Amino acid sequence: MTTQEQAAWYRQKIEEALEQALPAPREGDLSGKVREAMRYSLLSGGKRIRPILALAFCEACGGEALSALPFACAVEMIHTYSLIHDDMPCMDDDDLRRGRPTNHKIYGEAMALLAGDGLLTLAFQQGLSFQGDPAAARDGARLLAEYAGAQGMVGGQCIDLEQEGKEVTLEILAQMDRGKTVALIAAACAMGCTAAGAGEKELQAARQFAFGLGMAFQLRDDVLDVLGDAAKLGKNTGMDSARDKRNYVSLLGVEEAQRLVEQYTKEALDALEAFPGDTTFLREFALSLVERES
């Protein structure tokens, strides 16, 4: 199976699991509107990077990939809720996501807020439905809370808001992105290892991989924000510049930012040496992300 075929298989299983975890509301359901809004964003496609990594790391640690589906769904729900809230007028005020109008443009700000809240709580219900060792379910939920909360993703978003209109240093930018971007990638990789019953050595290597990949992914995202095609990206380009927000390209230039993409990518790939299983998919998948045009 090629990397593309394996990624497509993972993605198919993830889509099926997400659909099952959040079925369409029944007729007459008075709270059905919020479920409709949740489904609008959760089932809108996307690359499914984080859940794919959860399944792939479970497999790399000797586990059955599909056993990690509850964790994969959980991390994707957290990611989707963060996008809904991030797009709202009180945050980035975006009107396009994955090639479609953002959630609040369709359902209004109040319902979009509730949709994000609903996905956040459903994520932990999904994670705790893991069918393996109960201790692994507990550890997976703990990891998700750790990486998604104020010390991780939420903290990174806080730094982003606090730095608007200020001169941002590379150190602050890196700290922000370790929260906004790296944290959920790390959660996915670590949760995949946990599903397989991996030890601390593999968990640490998964975190190192996630750091390298997450930083390379964010750097590439900043390059694409300057050079990319909005039609291919499915979101508006040039938004950081329009908001007068600093990123790696504005601080370093395109050439140096791309050099750092390559440096962080190497760090991610080097971390895979700690895994005894076949990591070909993870290597090629990581390269496809950091070399992407959309």
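How do helix 4 and helix 7 lie relative to each other: roughly parallel or roughly antiparallel? Let's work that out together. Keep in mind that what you see above is a predicted model.

When two helices pack, we describe them by the angle between their axes and the distance between those axes. Here, helix 4 covers residues 69-86 and helix 7 covers residues 134-148. Their axes are 11 Å apart, and the angle is about 20°. Anything under 35 degrees counts as roughly parallel, so helix 4 and helix 7 are roughly parallel to each other. Their crossing is right-handed.

So who touches whom? From helix 4 we have Phe 71, Ala 74, Val 75 and Ile 78. They meet Ala 136, Ala 137, Gly 140, Leu 144 and Ala 148 in helix 7. Sort that contact by class and you get eight nonpolar residues, one polar and no charged ones.

Okay, on to the aromatic rings. The count comes to eight aromatic pairs. Take Phe 57 with Phe 209: they sit edge-to-face, 5.2 Å centre to centre, with 65° between the planes. Phe 57 is in helix 3 and Phe 209 in helix 10, so this pair ties together parts that are 152 residues apart in sequence. Both Phe 57 and Phe 209 are buried.

Phe 57 also pairs with Phe 275, again edge-to-face, at 5.4 Å centre to centre and 65° between the planes. Phe 275 lies in the loop between helix 14 and helix 15, so here the parts tied together are 218 residues apart in sequence. Phe 275 is buried too, like Phe 57.

One last thing to find on screen: Trp 9, Tyr 10, Phe 281 and Phe 285 form one aromatic cluster.

Terms used. Residues numbered from 1 in each chain as written. Predicted model: local features only at pLDDT ≥ 70, side-chain atom pairs only at ≥ 80, totals over all residues. Heavy atoms only, no water. Axes fitted to C-alpha atoms, helices over the stretch in contact; angles between N-to-C directions. Helix = DSSP H or I, 4+ residues; strand = E, 2+ residues; numbered from the N terminus. Parallel < 35°, antiparallel > 145°, perpendicular 65-115°, else oblique. Left-handed = near helix turned anticlockwise from the far one by under 90°. Contact = heavy atoms within 4.5 Å. Nonpolar A, V, L, I, M, F, W, Y, C, P; charged D, E, K, R; others polar. Phe/Tyr/Trp six-rings, centres within 6.5 Å; stacked < 30°, edge-to-face > 60°. Buried < 20%, exposed > 50% of the residue type's maximum accessible area, 1.4 Å probe, protein only.
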